[in-house]
Amino acid sequence: MAGWTTCTGTALLLPLDNIDTDQLIPARFMSAPRSQGYGSYLLHDLRRDANSELLADFPLNQHDGVRILVAGRNFGSGSSREAAVYTLVDAGITAVIAPSFGDIFSSNAVNNGLLPARIGADAAATLYRLLENGPTEISIDLATGRLHCGTTELRFDLQDSWRTKLINGWDDIDLTLQHAEAIRDYAKTRHSTAPWAWPTTAN
Amino acid sequence: MSGALTLLDRLWAMHEILLREDGTSLLWVDRHLVHEGSHHAFAKLKDRGAQVAQPALTFGIVDHYAPTRNRGTEMAPDIARMIKTLTLNAEAHGIRLFDLFDPAQGIVHVVGPEQGLTLPGLLINCGDSHTSTHGALGALAFGIGATEVAHVLATQTIWQKKPAAMRITVEGDLGPGVSAKDIALHWIAKLGVGGAQGHAVEYAGSTIRGLSIEGRMTLCNLSIEGGARFGMVAPDDTTFAYLNGRPFAPKGADWDMACAAWAELRTDPDARFDRDVNIQAADIAPTVTWGTSPEQAVPVDADIPDPATLHSGKASAALAALDYMGLSAGKPIAGTPVDQVFIGSCTNGRIEDLRAACAVLAGRKTKVPGIVSPGSALIKAQAEQEGLDRIFTDAGLEWVASGCSMCVGMNGDLVAPGKRCASSTNRNFQGRQGRGARTHLMSPAMVAAAAVTGQITDVRPLLQGRAA
């Protein structure tokens, strides 16, 4: 996964609360291998009719090249399905800006280089106003935790560990394997002090 | 460690291998449960040429795509491929798999506790948000995404920032016809779906102590619907009695040692929580959702709220939900006609849930069709031994095999567009049970009441004179 520090791109307002994982990707698409690309599943049942044709009046269908979504509270709540993040990433989205996010969604997002930028209620109201007449360019700086929309500067919240990870594009497995000895030592101690924590093998 | 500790503090400390400067812990994973949906993670492992670090601590279960009818006959190609992929991955990595024909097959969050794979003091991960269920036994259990599943497979560890601690204390006796499901829907309606975001919830108080393990699982299961990745209950004698003799639970000297260790897993009386919420059991009525978010719930004897009267930030979502659900504000929720019912899922597919539904259904006929899918094959067998299957079928419902079924619809058990389903499941999201499906969440007893009357109904009068 490649890291990034700044992102400038077209931001689209999707002023809906509770855009949950089942809306981001309906369950019926989740058996597809990732290599097929998940972009076309993004918000499938909101964006498309029963024949999978794009609905002309859905905002995301009216604009190309959207890189940033600005949404309502509780974005990505629900399921742990990482496929919800794949739909965004594969559709070219780099950041979602919202007042709150589902906890598991946020972890999954950061693991795929997608920024879940949390903004306060006042900042959200400002941003909604700036975007209500159509897509506008926003630039995001992970290092400073600030975003710019025209002359307006706003702060966003992000856990420090997630900031570092997004910037460095770290692979957790590589990082963890550097601690192999500590893990081995822990497992040995746990096995001797809590043998009951291992499943009985009679089965 | 010094000072007063919470259950979360104790469980966290037991599993912490190291703490990074940025506040993220590397935690040991005692049990890793995988299912068909874990295919992305196995693919990532393959891409790296990595192996499963601890196959003996990893268990596979076929549930999300499990057909509930005509099992063994030809399956839809997509479903067959998903199940085959899990089977091949389990074989390749030496993982014990509860496959479609295993006598203990079922939903991962039902099978784990039932088999004694879930124990107090364990850290349990699964690529499913309802992994919080296992916290009912005093485990540190949380759902993870595919990248994290791959990480656990490869290292048996997970990086995680310790959440804030929240306690929900429920005191007093629940009224007749009120269950753990109602406690959950009640607190989520009260605090909102983001109410516990960033927190681990410990459930405490006399009401919780009085709940069976099944009830505690329902409550912990739904923690994620209130935003909490973790739910937990301190283990007690009820927990130990539930686990004793389960197939994978410790035996002999290990059992005694385990019970001694588990007895220490509690919150100190003077421990502080980042958030404390108190609820009186007497204030909780049978509760039902009217919208498309679990927080959009009301007591069954209340009216569908007028969006204009809601908190300003919630009005537009409520309007959209009413439109999707085809409902009008200000009308009583009771009396809303339903087209079908579903009883099952990791939330409410356990034996106690089936018994609660049967207490309503016995000797009655249903006005609408529906299916009943027990949470595991063992629960199905037990229910059949108790004659519950006959009560369901005599009433007019279909008795099918175990799996996630109509809760998530991956196996083809779907609600048709525009149809309204009274459901014992966990999510009333738009399209959750099928495109355009309208879901009302409620307890199994309330689902049974809706089946009997063909509309959303207060179960309490239907239970009068019956042993609930």
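This is a predicted model: local features need pLDDT of at least 70, side-chain atom pairs count only at pLDDT 80 or more; totals for chains, interfaces and linings use all residues.

A: Two cysteines of chain B show how the sulfur atoms are placed. The sulfur of B:C404 has its closest cysteine sulfur in B:C346, at 6.6 Å, and this is too far for a bond. B:C407 is in no disulfide either, and the nearest cysteine sulfur to that of B:C407, again in B:C346, is 6.0 Å away. A disulfide would need the two sulfur atoms to be within 2.5 Å.

The next point is how well these cysteines are covered. B:C404 has a relative accessible area of 8% and is buried. B:C407 counts as buried too, at 5% relative accessibility. The word applies because the cut-off for buried is under 20% relative accessible area.

Among the buried residues of α5(B) are B:E148 and B:H151, along with B:V149, B:V152 and B:L153. After α5(B) comes B:Q156, which has a positive phi, near 60°.

B:N428 lies in the loop between β18 (420–423) and β19 (438–441) of chain B. B:N428 is buried, with a relative accessible area of 0%. Leaving out residues up to four places away in sequence, B:N428 touches B:T289, B:G291, B:T292, B:S293, B:P294, B:T439 and B:L441. The side chain of B:N428 makes a polar contact with the side chain of B:T289, at 3.4 Å, and it reaches the backbone oxygen of B:S293 at 3.1 Å. B:L441 is 13 residues from B:N428 along the chain, yet their C-alpha atoms are separated by 6.4 Å.

Chain A can be described as a whole. Chain A has eight helices and seven strands, and its C-alpha trace spans about 65 × 45 × 30 Å along its principal axes. Of its 203 residues, 55% count as buried. Chain A exposes about 8,500 Å², of which carbon and sulfur atoms supply 48%. Among contacts in chain A between residues at least 6 apart in sequence, 64% join residues at least 24 apart.

Notes
Residues are numbered from 1 along each chain as its sequence is written. Chains are lettered from A and ligands numbered from 1 in the order in which they are written. Side-chain values use heavy atoms; hydrogens and water are left out. Helices (H or I, at least four residues) and strands (E, at least two) are DSSP runs, numbered from the N terminus. Buried means under 20% relative accessible area, exposed over 50%, partly exposed in between (1.4 Å probe, protein chains only). Contact means heavy atoms within 4.5 Å. A polar contact is a pair of N or O atoms within 3.5 Å; within protein, one must be able to donate a hydrogen and the other to accept it, and residues adjacent in sequence count only if both atoms are side-chain atoms. Accessible areas come from the Shrake-Rupley method with a 1.4 Å probe; for residues, only the protein chains shown count as cover.
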